[in-house]
Amino acid sequence: MKKDKAKLSLSSLTMVWLCGVILLSGIVYAIIYASHPDFHDDLSYFVQNYLWIETHDPIWLRFPRRIIGMWFDLNGRINDSTNPLWLNILPRQLTGIMEGVMMAGMYVMTILWTRRLGYHSAMSVIACAFMMFALPWWDGYGLLVVQINYLWGATLALFVIYFILCRPPRNLIQSLLLAIPALITGAWHEALGFPLAIALIIALIAVPSLRRRNTLIPTLAAIIGGFYTITSPALWHRIASAGEPDDPFLPLTLKTIPVAVLLIIILIILFCRNRKSLWHRLSSPDTCCIGIFTALSLTSAVIAVGSGIGGRSGWFAETFAFLAIIGLIHPYISKRLRGVTERLPYRLGTTLCTWALLTLMTAQTICYFRYQREADRESRELVAQYLESPDGVVIANLPTDNDQPLLLLNRVHGMPPLYEDWTRRELMTYRAYTMIPGSAPSPVYMEGVKTAPALLKEASEKEPIDFIDRGKTPEIEIYIPQIKIIPPEVAEIIDRAIANKERQDNKKWRTIHTPIRLPNAIIYPEGGTPGAEDAEYTDPSRYPYLLHYRNHPILLYIPTPPGDRPDHQ
């Protein structure tokens, strides 16, 4: 009796700690995404959504038209066609709360599934630690749209499959209610919905008990949603026009879906050992979830590798591959540990290992909160300086990803690369939207015309109707200046060189050489400068940057190894 109480107390303490980590993660992500600055995809979608909202009436037709239009023009993801709700319409605080709920929900569903597969508190901790450390969080760049695509989608799928198999609807009303999230989950993302549809079709064939009416309705809803994503004409157009993959096949596979590869190896081993036992494990009504996870993971893995995009494209394949693996190996683990689990050394060792994982999870969550908040603060300051600058020159240190503790696994990201035209254009359009109430221009970008900050300052003093005719391309030309992020110490050298009238290579360019390395900041190169290409390839120890710094055209050379150059990464 005393042993049982001791075992219960250790297990209960572990679960209380795990629940605390889950609650902490939900709160942290809610706070982060409620105040996270919009960059890259988030910023682009925000501006595009605003234009769409302003030019589409009546309001009750907006979302149906949006869903249909996105299905034809972009992709079949229902989350992309409805993201104006999350990015534009709802208060960002509410969207942040939804992010926190989905984050916590992913861990809660992971615990429910590990217990369904026959495990207890130790495996629940291991499974949650896998979700925290092994999924490609590093490829999210702090983007809300990425979190909605992958984190929200995985959580919804875990929820829907659980309530179809483990808590099936008892009547028609419950079945129809479950069909709504099932349909949404199937239509969420092509790397999730279509694999889920394939897995459920196989399950319907192999497991007759799933064909009951109350279970069949949400199952068919998920299948319909999955085929909605894969039949999008825009998706097939993207596939046909896809460029080179991020990596060669083998590195891409190992970087994107390593757990799915491990699942394939385990399936081969178990097939060779006892194929009947394996089939029973995959198709039995009690354990058919393992078969669904397996089929979903492998189908999603094919899509991820076929897309040629490494990292987050393997999110769904990895999530369900892990659950499939622990389901497949459970009989072998339980057989070997039979009689051992009651011994004190085993219980003590298991408890210490799970507590070590919980300590890492707690530390990672707190550390993420601290560093992401700091990166967000630096990024907001950097963007504010850029938008206020007359020439695109910013005197500041660039927020860096290189100084993060190893525990964060590179999942904290500050300002994304501003040398990308897309990011800079969206920043200027966003600036126009904020400066001129009621309008968000879609400007034509043309070099040689007034710089964007100056033009926007002039436009802000006019009536909106003089600046933009809503729904049409405005007859203005905005030149987005190349941003130059200059560390204060480099700016001081340039100021001193200008003041001292250092030698000029010719009448047009002033050349300044500085030995300062840039560990925390980058001056991005200007393309098409005189002699830049020759210097780049003939003298790799020096890299030229054209600056229009305080009305002085300067050709600046800074020793930069080729591997550190932003356009060589």
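# Reading burial, core and confidence in a predicted chain

Modeller: Gly140 is buried, with a relative accessible area of 4%. Buried means under 20% relative accessible area, exposed over 50%, and partly exposed in between, with a 1.4 Å probe and protein chains only. This is a predicted model, in which local features need pLDDT of at least 70 and side-chain atom pairs count only at pLDDT 80 or more, while totals for chains, interfaces and linings use all residues. Residues are numbered from 1 along each chain as its sequence is written, and side-chain values use heavy atoms, with hydrogens and water left out.

Colleague: Where is the place of Gly140?

Modeller: Helices are DSSP runs of H or I with at least four residues, strands are runs of E with at least two, and both are numbered from the N terminus. Gly140 sits in the loop between helix H7 (121-133) and H8. From Gly140 to Arg411 the C-alpha distance is 7.4 Å, although 271 residues separate them in sequence.

Colleague: How many residues of H8 are buried?

Modeller: The count is 20 of 22, so H8 is largely enclosed by the rest of the structure.

Colleague: Which residues have the most contacts inside the largest nonpolar core?

Modeller: A nonpolar core is a set of buried Ala, Val, Leu, Ile, Met, Phe, Trp, Tyr and Cys residues joined through side-chain atoms within 4.5 Å. The largest one here has 106 residues, and those with the most contacts inside it are Leu18, Trp113, Ile161, Leu165, Phe320 and Leu328. Helix H8 (residues 144-165) supplies the largest share of this core, 16 residues. Taking contact as heavy atoms within 4.5 Å, Leu328 touches residues including Leu263, Ile266, Leu270 and Arg281, with those up to four places away in sequence not counted.

Colleague: What is the mean pLDDT of the chain?

Modeller: pLDDT is the predictor's confidence in each residue, from 0 to 100. The chain has a mean of 76, and 67% of its residues reach 70 or more. Over residues 515-544 the pLDDT is below 50, yet this stretch has 83 contacts in the model beyond near neighbours in sequence. Where pLDDT is low, the predicted coordinates should not be read in detail.
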